[in-house]
Amino acid sequence: MRTPPGPPPIKGIVNQLSFFNEIKGNMIDYAGARFERYGDMFTLDFGAARMYMIANPDAIYEMLVTKNAQFYKGQQYRDRQRGLARFLGNGLLTSDGEFWKRQRKLTAPALHAKRIENYAETMVSVTEQMLSHWHDNAELDIDQEMMHATLKIVAKSLFNVDMEGKNADRIGAALTVLQHNMGGMSLVPNWVPTPAKIRTNRAIRAMDQIVYGLISERRRTDEDYGDLLSMLLSARDEDDKGMSDEQVRDEAVTLMLAGHETTANVLNWTFMLLAQNPDVEAKLHDELDRALGGRAPTLADLKQLPYTEMVVKESMRLFPPAYSFGRMAIEDTTVAGYDLPANTDVNIFTYFVHRDSRWWDEPERFNPERFSPVNEANIRRYAYLPFGGGPRVCIGNSFAMMEARLMLATIAQHYQLRLKPGQVVETDPLITLRPLGGLQMRIEQREVARQTEGDLVLA
């Protein structure tokens, strides 16, 4: 077989425990060192399993586009015991084949661009509610602030409910458990009731109780609230069949995770990068001040905020929320000239493609100008894929981009955020790429006067 190079097979309990220790510290560091040593593709043999690791745009395009029919989602998604499917069920993120195609068609109208435009006001309103509790020179965990705000936004958009109090805490805790305990490898047999598995089971029960309760109530009243849940419940296929409660639950929980975690993390890294790059921050503030004049942004304003969009895109280049994602070959095939046997898992590392000097000039530098209309047109195909690619590109990408831009515009008008002196922010590569231990920042109110309803106030 033509097989990519790679480190020696990891066999025996001692070596496997050592491997887990190493990747627990940071999978990005582990993979990065091996990409540097072995090139764009390497194999990882763990026990009897073999995985391919890829960080090459052409190979990724071959997998996701040219040969997409030969790949399903990997075991870290579909495995009902250890994978995301244990929590997310058979939703768009974890399903495959004809079932996935049906669900994609049924779900697509709920996330159509025209539909999600209705949620712009909610995104801004929730962000302003958050800011009403902020005070000049306060020190906040921005990670928690963004997580709470995006959870409220997705709950209002998805279920038309104001997520506060106990339910917000339960869902937030459940999603945190998901981040820490799903999708990874383990040496512990599935039947062993570890503390992590007990926490996961509790989180699943809590999520199910809330979501199934909302579905049941909506079925009972049969009212259309104009939210995503109404769209999911009313969707019909060619045979005029809708989704079962379980299918609606799985898609709703999947959308909740995608609309909550990804945007919060995009904003986390954006504020960190702005604090480290005052020249970029100044250009962003100048655009916001000129376009908005201190008032709250609207959907229509986004056309007048091109630099804001460039900042978000560049933040996702350096810190893609989905820093890695997986596929599994369903038949013998080849990728980049290497043989890929059926049932082999492949991990695509977006993080390293986004930081490769072959595709990006000064790749470690935060430079939003890369995404000006002229420059963006020249980006190498599949060297930038924060939302994946091919037929399975993230269905919620428009929602996430609109949310990130509106929230950034709302916050950055009023405050500039500063890192504590000497603070080193490290990555925590869980299911999404989070800042390790949160993101402690001091908020400084901007001295920009604006006229609101006849009163001069600080904005």
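**Legends to close-up views of the predicted model**

View 1. With a relative accessibility of 36%, proline 5 is classed as partly exposed, because buried residues fall under 20% and exposed residues over 50%. Proline 5 belongs to the segment that precedes helix H1 (13–25). Leaving aside residues up to four places away in sequence, proline 5 touches Tyr38, Met41, Phe42, Thr43 and Tyr338. Lysine 67 is 62 residues apart from proline 5 along the chain, and a distance of 22 Å separates their C-alpha atoms.

**View 2. The five-stranded sheet, with strand order E1-E2-E8-E5-E3.** This sheet is open and its pairing is mixed. Strand E1 (41–46) and strand E3 (71–73) form the edges; each has a single partner strand, so one side of each lacks a neighbour in the sheet. From one strand to the next, the twist averages 30°. Helix H2 (residues 27–38) lies across E1 and E2 and runs at about 125° to E1.

View 3. Strand E2 (residues 49–54) pairs with E8 in the parallel sense over four bridges, and tyrosine 52 stands opposite valine 346. Strand E5 (residues 325–329) also pairs with E8 over four bridges, but in the antiparallel sense. There, phenylalanine 325 has isoleucine 348 of E8 as its bridge partner.

**View 4. The antiparallel pairing of E3 with E5.** Three bridges join these two strands. Within this pairing, lysine 73 has arginine 327 of E5 as its bridge partner.

**View 5. The three-stranded sheet, with strand order E4-E12-E9.** The sheet is open, and its strands pair in the antiparallel sense. Strand E4 (139–141) and strand E9 (415–419) are the edge strands, each pairing on one side only. With direction ignored, neighbouring strands are turned by 40° against each other on average. E4 pairs with strand E12 (residues 440–445) over three bridges, and aspartate 141 stands opposite glutamine 440 of E12. Two helices lie across E9 and E12: helix H13 (residues 245–276) runs at about 80° to E9, and H18 runs at about 85° to E9.

**View 6. The crossing of helix H14 (residues 278–292) and helix H18 (residues 397–414).** The two axes come within 10 Å and cross at roughly 95°. H14 and H18 are therefore roughly perpendicular to each other. H14 contributes Leu284, His285, Leu288 and Leu292 to the contact, while H18 contributes Leu408, Ala409, Ala412 and Gln413. By class, the contact has six nonpolar and two polar residues, with no charged residues.

**View 7. Helix H11 (residues 195–221) and the residue that follows it.** The helix has 27 residues and reaches 39 Å from its first C-alpha to its last, close to the 39 Å expected at 1.5 Å a residue. Its buried residues include Ala203, Ile204, Ala206, Met207, Ile210, Val211 and Ile215. Lys197, Thr200 and Arg218 of H11 are likewise buried. Just after the helix, aspartate 222 adopts a positive phi of about 55°.

Conventions:
Residues numbered from 1 in each chain as written. Predicted model: local features only at pLDDT ≥ 70, side-chain atom pairs only at ≥ 80, totals over all residues. Heavy atoms only, no water. Expected span 1.5 Å × (residues − 1). Buried < 20%, exposed > 50% of the residue type's maximum accessible area, 1.4 Å probe, protein only. Axes fitted to C-alpha atoms, helices over the stretch in contact; angles between N-to-C directions. Parallel < 35°, antiparallel > 145°, perpendicular 65-115°, else oblique. Contact = heavy atoms within 4.5 Å. Nonpolar A, V, L, I, M, F, W, Y, C, P; charged D, E, K, R; others polar. Pairing = 2+ DSSP bridges.
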